[in-house]
Amino acid sequence: MNTEITIAGVTFKNPVMTASGTFGSGMEYSDAGFVDLNCLGAVVTKGVANVPWEGNPTPRVQETYGGMLNAIGLQNPGIDVLIERDLPFLKQFDTRIIVNVCGRTVSDYVEVVEKLFDQPVDLLEINVSCPNVKHGGIAFGQHPRSLFDITKEMKAKAKQPIIMKLSPNVTDITEMAKAAEAAGSDAVSLINTITGMKIDVHKRAFALANKTGGLSGPAIKPVAVRMVYQVANAVKIPIIGMGGIANAEDALEFMLAGATGVAVGAMNFVNPYTTMEVVKGIEEYMQQYGIEELGEIIGAVK
Amino acid sequence: MESKGNDLKKKETARVYKQQQIAPGIYDMWITTTLAERAKPGQFISVYTQDKSTLLPRPISICETDLANGRLRIVYRVAGKGTSEFSRYKTGHRIDVLGTLGNGFPLEKAEGRRVFLVGGGIGIPPMLSVAKELKNAASVDVIVGYRDKELFLADDLAQYASVHIATEDGSVGTKGTVIDAIEAERLKADVIFACGPMPMLRAIKKYCIEHGSQAFISLEERMACGVGVCLGCVVKTREVDHHSHVKNARICTDGPVYDAMDVEI
């Protein structure tokens, strides 16, 4: 039984990764003794920009039925701190390192990927849900042309293989996936959060200071699975699927829909042991059904 | 490198030892849990509902611990779906908890100094474990502010220090706020440990600036992860924070207790 997967020539010991923004750079869950990072296929770090970003005013998080809204606003300490503090920490472990990259302009992204050129990082995940200041706040990933352009620039400047992280807040996600593929992206990851809102009826006010936020957690899983399926049938590049994964069965759903890798996000907050349980559960499933390698199930449901 | 290497926390299925309502909407629960072993005054635990439509942990301050019996006590107000569910638990009911979280109060700052332990409303419970564990202070005055004559935990606190009461409706003690009680009774302190609503904490900060005392205040903010990764529960800091590299600190991890002068409230 072999749980390995390969994306853009990089081999992972298993398909299980962390969803950016829900796991820091792994220090907290590791130091707490919740997760042995050596067990994971990859750690995907919180989005990092070229300079520290302060993020949004609070409240930044709110619970919703079977999920949560977040409007953190991509607070991060900047690429220099990630390189100096977080990468040496992650290097201690036998797991792949994927750095998630944010920016306000294309040149911001380029500055980050250039600084990561000689760093011990396996892949880069490009967050295109950052509002693009040059186009009036529309996220890079909501317009196929800007997605194509930024992907092309990333491929031109980065050393590591590129994963474009797709926003679901679009009319047709396959159009976005195709734009990323056409521009040379090595893989795509989806879904990012779905824009949502909560109103406090007693305060008669928005529950989040930012008014809207991104919905994540089990509530979004059916949308995420559907989008992974659609994208898997529109492009040839591999997919990392995520959206409400709480256990191995959820992860397997994404793989059957067409995902090669899977990421656990919001459910880390509910059960900090989730990632390790998903790894174990996938092994048990393979055992139960006599599956020798994961290629047998990836995209098997057509 | 900033990894602490060993900052052990645990999520476990614990059991309710006993629970009772001690004031309208306020519940007092003892939980049998190994988390009691690592609890420090001012820390909190994340409490999870069984109802999975309400996913996120509810952060609740630790009120007291009973190490000999492996139990800790929480006193909380029913504020929504989660706390409403907890209030229905009886002895033996399963309760999922994660902890222990946060930095706790710096009790060593009290050594040789005159101390106020200030609690406002549902901020009062954590002050009990502070009162219990405080050592070597020159003097300790507990000042607690309530809405009305429902003086939950006042008797418990009285076992450890003199308790001075303020009630908004004037039914017991000084009419008004904890600051009114401090002034009415001419109390003095060098250092203050406080927990309660934001207006109270702001008043304490102002009091400290006027009197040259130092205050350590316990803050709260909407949380998701409770362990320092999601960056939901931040407070603005006066200086750039050593972890975030911006002027924000994580209340669940860098706090909840801060020197009042270090945070923008």
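**Packing of helices α4 and α5 in chain A**

In chain A of this predicted model, Pro144(A), Leu147(A), Phe148(A) and Thr151(A) of α4(A) meet Glu175(A), Met176(A), Ala179(A), Ala180(A) and Ala182(A) of α5(A) (contact: C-beta atoms, placed from the backbone, within 7 Å). By class, this contact has seven nonpolar residues, one polar and one charged (nonpolar: Ala, Val, Leu, Ile, Met, Phe, Trp, Tyr, Cys and Pro; charged: Asp, Glu, Lys and Arg; polar: the others, Gly among them).

The axes of α4(A), residues 144-157, and α5(A), residues 173-182, come within 8 Å and cross at roughly 30° (axes: lines fitted to C-alpha atoms over the stretch in contact; angles: 0 to 180 degrees between N-to-C directions). The two helices α4(A) and α5(A) are therefore roughly parallel (angles under 35 degrees). The crossing of α4(A) past α5(A) is right-handed (near helix turned clockwise from the far one by less than a right angle).

Chain A comprises nine helices and 16 strands (DSSP runs: H or I, at least four residues, for helices; E, at least two, for strands; numbered from the N terminus). Of its 302 residues, 57% are buried (20 or more other C-beta atoms within 10 Å of the residue's own). Among contacts between residues at least 6 apart in sequence, 71% join residues at least 24 apart. The C-alpha trace spans about 55 × 50 × 40 Å along its principal axes.

Residues are numbered from 1 along each chain as its sequence is written, and chains are lettered from A and ligands numbered from 1 in the order in which they are written. As the model is predicted, local features need pLDDT of at least 70 and side-chain atom pairs count only at pLDDT 80 or more, while totals for chains, interfaces and linings use all residues.

Note on methods:
A residue is buried if 20 or more other C-beta atoms lie within 10 Å of its own, exposed if 12 or fewer, and partly exposed in between; C-beta atoms are placed from the backbone. Two residues are in contact if their C-beta atoms, placed from the backbone, lie within 7 Å. Angles under 35 degrees count as roughly parallel, over 145 as roughly antiparallel, 65 to 115 as roughly perpendicular and the rest as oblique.
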